[in-house]
Amino acid sequence: MPLAFLCDFDGTVSPRDIGAAFAERFSRDGDAARVPELAAWRAGRLGHRSLTLAQCARLRAGEAEALAFTREFALDPAFAPFARAALAAGDKVMVVSEGFDFYVRDLLARAGLAELPWAANALVFGADGAVEPRFPFADPACDACGNCKAVHVRRAKAGGFHTVLVGDGDSDRHGALEADTVLARGSLLEWCRAEGITHTEVRGFADVFEWAREATPRARHDRRRDRPLRAAGGGRA
Ligand SMILES: [Mg+2]
């Protein structure tokens with residue numbers, strides 16, 4: 001069974017949270033990173049889509065200066081080798097991000113991964129420096145997330161993949177609940193532990209690569225064949 005790796009971007013593919021740094025750097029009066037909505041989101045009372053809308057209302061940024069800023073961040077150096085090996089093995093690798101399209105597209109291309117599929121929220125840059133978020137991957141039945149990772153996981157499952165969610169944060173929870181395997185770090189790891197969600201701890205993509213090498217044979221195994229063989233003569237496998 002092929003694997004589908006659905007990889008969070010901020011804090012995962014990029015070890016640092018570029019979206020949060022962008023919000024802090026370009027807030028009009030330095031407050032976008034400390035909006036009251038942030039505490040409500042952290043407490044689980046507000047969806048990330050609402051948080052993004054509140055933060056963007058306080059931002060002023062031109063596309064060129066935004067790109068110049070986000071290009072200062074590096075991707076996990078193990079991500080590109082991991083992705084190339086996974087694709088060569090016939091697996092699927094997709095970036096699913098609650099951050100913004102402009103830096104996800106740019107940093108993947110600069111890492112030589114322009115062809116890798118990704119999904120993120122869109123940020124529209126206005127002429128006056130105002131920015132407007134759009135949510136092309138929101139789940140209309142749920143107002144929590146801007147980009148619903150659970151939908152991406154379900155779609156990969158329906159395509160016949162064993163799904164592996166790789167993430168570090170609160171916006172990965174719905175995807176983690178749907179995925180066959182969860183590889184977690186950061187607050188996602190803490191949440192998995194607290195909620196009793198089966199997971200494997202990873203520090204970065206060197207560990208994901210290692211997991212893919214070692215645990216893959218089991219994950220690939222068609223689970224219908226995992227049942228013990230019946231006694232001799234028990235029929236066709
Ligand atoms: Mg993250």
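Reader: At what angle do helix α4 and helix α6 pack, and how far apart are their axes?

Author: Helix α4 (residues 63–70) packs on helix α6 (residues 101–110) at about 50°, and their axes are 10 Å apart. An axis here is a line fitted to C-alpha atoms, for helices over the stretch in contact, with angles running from 0 to 180 degrees between N-to-C directions. Bear in mind that this is a predicted model, where local features need pLDDT of at least 70, side-chain atom pairs count only at pLDDT 80 or more, and totals for chains, interfaces and linings use all residues. Numbering starts from 1 along each chain as its sequence is written.

Reader: What makes α4 oblique to α6?

Author: Angles under 35 degrees count as roughly parallel, over 145 as roughly antiparallel and 65 to 115 as roughly perpendicular, with the rest oblique. About 50° falls in the rest, so α4 is oblique to α6. The crossing of α4 past α6 is right-handed, meaning that the near helix is turned clockwise from the far one by less than a right angle.

Reader: Which residues in α4 and α6 meet?

Author: From α4 come Glu63, Ala66, Leu67 and Thr70, and from α6 Phe102, Tyr103, Asp106 and Leu107. Contact means C-beta atoms, placed from the backbone, within 7 Å. By class there are five nonpolar, one polar and two charged residues (nonpolar: Ala, Val, Leu, Ile, Met, Phe, Trp, Tyr, Cys and Pro; charged: Asp, Glu, Lys and Arg; polar: the others, Gly among them).

Reader: Why does Lys149 count as buried?

Author: The cut-off is 20 or more other C-beta atoms within 10 Å, against 12 or fewer for exposed and partly exposed in between. Lys149 has 27, so it counts as buried. Lys149 sits in helix α7 (residues 149–158). Beyond its neighbours within four places in sequence, Lys149 touches Leu6, Val96, Asp172, His174 and Gly175. Gly175 is 26 residues away along the chain, yet the two C-alpha atoms are separated by 4.7 Å.

Reader: How do you know that β3 and β4 pair?

Author: Pairing takes at least two bridges found by DSSP, and β3 (residues 118–125) and β4 (residues 131–134) have four, in the antiparallel sense. Strands are DSSP runs (E, at least two residues), as helices are (H or I, at least four), numbered from the N terminus. Phe125 stands opposite Val131.

Reader: Why is one side of β4 and of β7 left without a neighbour in the sheet?

Author: The open sheet runs β4-β3-β2-β1-β5-β6-β7, with mixed pairing. β4 and β7 stand at the edges with a single partner strand each, so one side of each has no neighbour in the sheet.

Notes: Two residues are in contact if their C-beta atoms, placed from the backbone, lie within 7 Å.
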